[in-house]
Amino acid sequence: MISPKDPHNEKARLVALQSYAILDTLPEKEYDDITFLASLICDTPMALISLIDKDRQWFKSNHGLEERETPREFAFCSHAIVDKNNTLVVSDAREDERFHDNPLVTSDPSLVFYAGVPLNTPDGHPIGTLCVLDTKPKELTPDQEKALEVLSNQVLKLLELRKTAVVLHRNNQILRDKNKTLDKFVSVAAHDIKSPINNILSLSEMLLEDYSSSIDSDAVELLDYIKVSAKHSTHLIDGILSYSKDVNGISDHKEFVNIKSLLVEIKNLLVTSDHIDLKINIDDSLVVYANKTALNQIFSNLVSNAIKYNHKDIIKIKIDAQESDIYYSFNVKDNGSGIADEDKKKIFKLFATTANKDKNGFHGTGIGLATVKNLIQNLGGKISVISKKESGANFKFTIKKAVSKVYA
């Protein structure tokens, strides 16, 4: 028996193999289908997808063979990857000095015929083979050898897809870790900033209350400006905290939510005046399987905006719903200030604001509707608005139906 030589640049070849993160993984149908076809086309009882590790050959798929790995020193495939540009064909291993006394030939499984096509990575590293084997002498026809090469290309495509998935998973994990760090930073920074701003707000209110009669009108105007600016800053910080907190993890913690009951809770909280007419035209039986916090945030924001940006004597808001095979669709319609055509595209962008002021004279922070859009997208839906200036707004959004897991 002649031991196989190491391929050129063996260290780099092993690194390339490890990059696929495939060694010692469970069998997969896609790979098993390829070895089945290779065995069928080449008329051999055995076909393998063999990957050559440092001291062993490991089989990702082992059609017709029980073993999942053998020592590298006995592997026919170890010889095949040395000449990575050609298919290694051994018609009768018993008469080949490289293999005649190989344990795989002289004992079970008593190999005689072998044909292996090297699996070369895009960088040119041979990491293994697609091979067919038999216990009797054999020759492959040119068509069979060509078919084996075609199937080997399919193996490489599967491996490259797997590698891409591994890289994406790793990058996503890194991104999730960075997002957690960023969320923590935003939360700490926002709270640290909010505390002195609240002090400024409290002090300005105290000064206005206790000394407005004893200081000149210009000073009163400045104090009032400080008070308004501090209030706006606290609203902005609250919005940033809400945005960073609510958008993440929406796919988790789903439950059955009765939409009518949820909206009644929101109505009881937000409708604080007889001048607000909120109609909920939704059937009592409409139940959505989703994250309740997300749904609450979406409806609360849209209803709150409909109230804040409405200067009519009677504020009218109507909410209704429709259901299809795939989506729940909702409309939140009001008779408020409306949205100008030039503002419709930007209102869902973070920190984008319009000229509209709420009842307290504040411009929006540009965070609320951006949060709503992200929440809806995380629930598999979309949001749009139909509106004209001074003619109210109709926010239309969908939520994709989710299948609950019910265990007996």
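Salt bridges and a buried lysine

Me: What does Glu28 form with Arg162?
Reply: Glu28 forms a salt bridge with Arg162, their closest N and O atoms being 3.5 Å apart, where a salt bridge is a side-chain nitrogen of Lys or Arg within 4 Å of a carboxyl oxygen of Asp or Glu. The pair links distant parts of the chain, with Glu28 in the loop between helix 1 and helix 2 and Arg162 in helix 5 (residues 142-211), 134 residues apart. Helices (H or I, at least four residues) and strands (E, at least two) are DSSP runs numbered from the N terminus.

Me: What should I know about the model and numbering?
Reply: This is a predicted model, in which local features need pLDDT of at least 70 and side-chain atom pairs count only at pLDDT 80 or more, while totals for chains, interfaces and linings use all residues. Residues are numbered from 1 along each chain as its sequence is written, and side-chain values use heavy atoms, with hydrogens and water left out.

Me: Back to Glu28, what else does its side chain meet?
Reply: The side chain of Lys60 makes a polar contact with the side chain of Glu28 at 2.8 Å; such a contact is a pair of N or O atoms within 3.5 Å, and within protein one must be able to donate a hydrogen and the other to accept it, with residues adjacent in sequence counting only if both atoms are side-chain atoms.

Me: Is Lys60 buried or exposed?
Reply: Lys60 lies in strand 2 (residues 56-63) and counts as buried because its relative accessibility is 1%, buried meaning under 20% relative accessible area, exposed over 50% and partly exposed in between (1.4 Å probe, protein chains only). Glu28, by contrast, is partly exposed at 25%.

Me: Which residues does Lys60 touch?
Reply: Not counting residues up to four places away in sequence, its contacts (heavy atoms within 4.5 Å) include Ile22, Tyr31, Asp32, Ile49 and Arg68.

Me: How many salt bridges are there?
Reply: The count comes to 15 salt bridges. One of them joins the side chains of Arg72 and Asp6 (3.4 Å, N to O); Arg72 lies in the loop between strand 3 (69-71) and helix 3 (76-80) and Asp6 in the segment before helix 1 (10-18), so the pair ties together parts that are 66 residues apart in sequence.

Me: Are those two buried or exposed?
Reply: Arg72 counts as buried, at 8% relative accessibility, whereas Asp6 counts as exposed, at 54%.
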